[in-house]
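Biologist: Could you walk me through this structure? I have not looked at it before.

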Amino acid sequence: MSRPKILLTRRWPSAVEAVLAERFEATFNTDDLPMLPDAIAEALGTHDAVLPTVSDKLPASVFEGDIRAKVLGNFGVGYNHIDIAAAKAKGIAVTNTPGVLTDCTADIAMLLLLSVARRGGEGERQVRAGEWKGWCPTHMIGTKVTGKTVGIIGFGRIGKAFAQRCHFGFGMDVVFFNRSTVDPAEAARYGARQLATVEEVLAVADFVSLHCPGGAENRHLMNASRFAAMKPGAYLINTARGDVVDEAALISALADGVIRGAGLDVYEAEPQVPEALSGLENVVLLPHLGSATEETRNAMGMKVVDNITAFFEGREPPDRVA
Ligand code: DGY
């Protein structure tokens with residue numbers, strides 16, 4: 001019996017590629033260059049499964065031609081880069097990789113929070129540039145983290161894991177906004193309590209951390225008026241999706257001192273980062289590293305293997321989102 005024909009849009013961990021090569025007739029992207037939408041559209045017409053990542057764009061237009069693909073096995077938990085309605089309309093199933101990147105993404109949010117509050121990026125740049133003049137009582141003074149209030153927007157798996165780190169690791173008071181009501185007993189397990197609106201969270205938080213999905217429902221959730229509603233001297237952390245933040249409004253808020261700093265792992269037009277942002281000292285900028293550990297990237301890949309194996313064996317994929 002012929003094996004399903006699958007295409008990976010990027011290079012994956014080698015152990016995962018090896019499993020895929022055994023089970024499927026796999027086309028690998030050996031030079032690892034991002035595929036343009038036209039190439040993805042072509043792959044949808046020539047393969048039974050396409051396995052995209054957050055670095056790909058799958059707008060409605062890629063689903064317009066002849067389609068052979070029956071499933072998209074997304075390597076990642078977020079899938080706002082895929083037009084889900086268009087995929088569904090063509091009868092294509094979509095799966096993602098929840099759960100396995102929770103801890104590592106929460107760790108990166110903590111890294112950003114600590115780095116921006118304690119000026120870790122600036123300090124590192126100063127030492128490497130040979131510009132450090134030695135210790136003195138007024139040198140590179142940051143903001144204390146322990147005991148402060150953190151406001152979390154989106155209390156899913158990653159939001160909860162971040163709350164746990166903030167509360168039990170750093171004695172922080174944790175408040176959050178979440179679209180649906182979270183059982184107070186469940187919230188208390190993470191040392192957190194729910195507030196009714198984003199504004200209520202912004203009014204009390206010294207640090208605001210975004211953990212909601214990207215896409216139309218949360219586009220520019222953080223905009224100029226919401227930056228103005230943050231406490232003076234507060235910080236923004238974004239490990240969710242770039243489109244949740246109006247980047248131009250963020251740059252103005254940072255430059256004008258409306259907020260004190262930001263730690264970012266994601267951007268509106270990745271991999272482009274506006275010069276106006278990278279020119280600011282009060283930001284810490286990472287290149288979308290949330291899930292970038294050996295353990296997590298292997299686990300994400302193996303989740304895709306499980307999902308598409310189930311699909312082609314006629315079973316329900318464990319992480320089907322459409
Ligand atoms: C995801 O999984 O959505 C991340 O952003 C990429 O690891």
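Modeller: The answers below concern a predicted model, and they begin with the ligand.

Biologist: Which residues surround the ligand?
Modeller: The ligand is surrounded by Gly76, Val77, Gly78, Leu101, Arg241, His288, Ser291 and Met300. By class, this shell divides into three nonpolar residues, four polar ones and one charged one.

Biologist: What lies 2.7 Å from an oxygen atom of the ligand on the His288 side?
Modeller: There, a polar atom in the side chain of His288 lies 2.7 Å from a ligand oxygen. For Arg241, a side-chain N or O atom is 2.7 Å from an oxygen atom of the ligand. Gly78 takes part through its backbone, where a polar atom is 2.8 Å from a ligand oxygen. The protein covers 89% of the 230 Å² of accessible area that the ligand has on its own.

Biologist: Changing topic: which loop holds His220?
Modeller: His220 lies in the loop between strand 9 (207-210) and helix 9 (224-229). Phi of His220 is near 55 degrees, which is positive in a residue that is not glycine. With 19% relative accessibility, His220 counts as buried.

Biologist: Where is Leu221 found?
Modeller: Leu221 is found in the loop between strand 9 and helix 9. Leu221 is buried, because its relative accessible area is 11%. Leu221 and Ile153 are 68 residues apart in sequence, and their C-alpha atoms are 9.8 Å apart in space.

Biologist: Which two residues does a cis peptide bond join?
Modeller: The cis bond joins Glu270 and Pro271, with omega at about 0 degrees. Pro271 is in the loop between strand 11 (261-264) and helix 11 (275-278). As a general point, most peptide bonds are trans.

Biologist: How many cavities of 30 Å³ or more are there?
Modeller: The count comes to one cavity of 30 Å³ or more. About 30 Å³ of space lies in the largest cavity.

Biologist: And what lines the largest cavity?
Modeller: Its lining consists of Asn238, Gly242, Val245, Glu247, Leu250, Leu264, Val266 and Tyr267. In that lining, five residues are nonpolar, two are polar and one is charged.

Biologist: On to pockets. What volume does the second largest pocket have?
Modeller: The second largest pocket has a volume of about 150 Å³. Met1, Ser2, Arg3, Pro4, Arg23, Phe24, Thr309, Phe312 and Glu313 line this pocket. Its lining has four nonpolar, two polar and three charged residues.

Biologist: Where is Glu25 found, then?
Modeller: Glu25 is found in strand 2. Glu25 is partly exposed, with a relative accessible area of 39%.

Biologist: Last one: is Thr30 buried or exposed?
Modeller: Thr30 has a relative accessible area of 59%, and exposed means over 50%, so Thr30 is exposed. Thr30 is in the loop between strand 2 (25-27) and helix 2 (37-46). Between Thr30 and Arg10 the C-alpha distance is 7.7 Å, and they are 20 residues apart in sequence.

Methods. Residues numbered from 1 in each chain as written. Predicted model: local features only at pLDDT ≥ 70, side-chain atom pairs only at ≥ 80, totals over all residues. Heavy atoms only, no water. Helix = DSSP H or I, 4+ residues; strand = E, 2+ residues; numbered from the N terminus. Buried < 20%, exposed > 50% of the residue type's maximum accessible area, 1.4 Å probe, protein only. Near = heavy atom within 4 Å. Polar contact = N/O pair within 3.5 Å; in protein donor to acceptor, adjacent residues only side chain to side chain. Areas by Shrake-Rupley, 256 points an atom, 1.4 Å probe, with all protein chains shown as cover. Nonpolar A, V, L, I, M, F, W, Y, C, P; charged D, E, K, R; others polar. 1 Å grid on protein atoms, 1.4 Å probe; cavity = no way out; pocket = protein on both sides within 12 Å on 5 of 7 lines; lining within 4 Å. Points joined across faces, edges and corners; volume = space filled by probe spheres on them.
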